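Reader: Hi! Could you walk me through this one while I have it open?
Author: Happy to, let's bring it up.

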Amino acid sequence: MSVYATIIHTQINKLKDEELETRLRPKLPTSLPPNDEEIVNNLVAKRGVISRIAREQVTDQDLYRLRPRQWLNDEIINFYGALILARSDECKENPGNGDVKGGKKKPLNVHYFSTFFWTKLRKEGYDKGRLAKWTKKLDLFAKDAILIPVNHNNAHWTGAAINFRKKRIESYDSMGMAKEEVFKHLRAYLDAEHRNKRKKPFDFTGWENYAPDLTPQQENGYDCGVFTCQFLEALSRGEESFIFTQKDMPYLRRRMIWEIGQGILRDD
């Protein structure tokens, strides 16, 4: 076979592989079931406190942030994190380990740090920020992963994780930018926490910094918070890839309104 023929053959096979992957890749729906859409409509028309879970609550003003073209605030992201944590705690006696149930991986044993964790870590550091108190009743090192929403100068949300299962410090940025700062501060935190709780430095042997090139990217300046919430939800189940893209944001905003209003994450 000539070089030219080999190139053509390779390109044809690549196109076939891409077509097959497109057909086999799971896709999100474009809307909720009719009854659930009606629930969402009622929720966005409601006034006052919409929902509570643990120490978090969302009001109608917070919920407005999940309407199209709005930037998410701390209240929405922390409420969603509380939903992730509640689901993980419910499965604590039988956590997932990459196993699949109902088409989705089962929740891992994770912990969620609120949006204020990163601010304290970055601005004050472990000791001055009194971050040892954040894990007073928690063995951080017994978890599968620690999930962290990161606010970059009140201009951009990203997701981060300390993944004990994979030995990775992870950064998931829908604009493909800020990761080195995340790696630096989370490594410093992990070492300081280990010195505080275990009285010796953390062993980083085999650990790596991880920011996958295939992280879904946003195409505007306001969807980063939704991307971040979906990154953290998928990571809480040990997912290694994400099935959502920019085109799924309208559906995911409606879905998150339903989840916050009902106080539970959907499993469909």
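Reader: Is Ala192 buried or exposed?
Author: Ala192 counts as buried, because its relative accessibility is 18% and the cut-off for buried is under 20%. Do keep in mind that this is a predicted model.

Reader: Noted. Which helix is Ala192 found in?
Author: Ala192 belongs to helix α6, which covers residues 180-198.

Reader: And how are Ala192 and Phe202 separated?
Author: They sit 10 residues apart along the chain, and their C-alpha atoms are separated by 8.0 Å.

Reader: Let me zoom out. How many helices and strands does the protein have?
Author: There are eight helices and nine strands. The protein has 268 residues, and 47% of them are buried.

Reader: What about contacts between residues 24 or more positions apart?
Author: Those account for 63% of the protein's contacts with a separation of 6 or more.

Reader: On to helices α7 and α8. At what angle do their axes cross?
Author: Roughly 70°, with the axes of α7 (residues 224-235) and α8 (residues 249-262) coming within 11 Å. The two helices are therefore roughly perpendicular to each other, and their crossing is left-handed.

Reader: Which residues meet there?
Author: From α7 you have Val226, Phe227, Cys229 and Gln230, and they meet Met249, Leu252, Arg253 and Met256 of α8. Sorted by class, this contact has six nonpolar residues, one polar and one charged.

Reader: How many residues of α8 are buried?
Author: 11 of its 14, so α8 is mostly covered. Among the buried ones are Met249, Leu252, Arg253 and Met256, the α8 residues that meet α7. Others in the buried set include Trp258, Glu259 and Gly261.

Reader: How far does α8 reach from its first C-alpha to its last?
Author: It reaches 20 Å, close to the 20 Å expected for 14 residues at 1.5 Å a residue.

Reader: And what follows α8?
Author: Gly263 does, with a positive phi near 70°.

Reader: Which residues of α4 are buried?
Author: Ile76, Ile77, Asn78, Phe79, Tyr80, Gly81, Ala82, Leu83, Ile84, Arg87 and Ser88.

How values were computed
Residues numbered from 1 in each chain as written. Predicted model: local features only at pLDDT ≥ 70, side-chain atom pairs only at ≥ 80, totals over all residues. Heavy atoms only, no water. Buried < 20%, exposed > 50% of the residue type's maximum accessible area, 1.4 Å probe, protein only. Helix = DSSP H or I, 4+ residues; strand = E, 2+ residues; numbered from the N terminus. Axes fitted to C-alpha atoms, helices over the stretch in contact; angles between N-to-C directions. Parallel < 35°, antiparallel > 145°, perpendicular 65-115°, else oblique. Left-handed = near helix turned anticlockwise from the far one by under 90°. Contact = heavy atoms within 4.5 Å. Nonpolar A, V, L, I, M, F, W, Y, C, P; charged D, E, K, R; others polar. Expected span 1.5 Å × (residues − 1).
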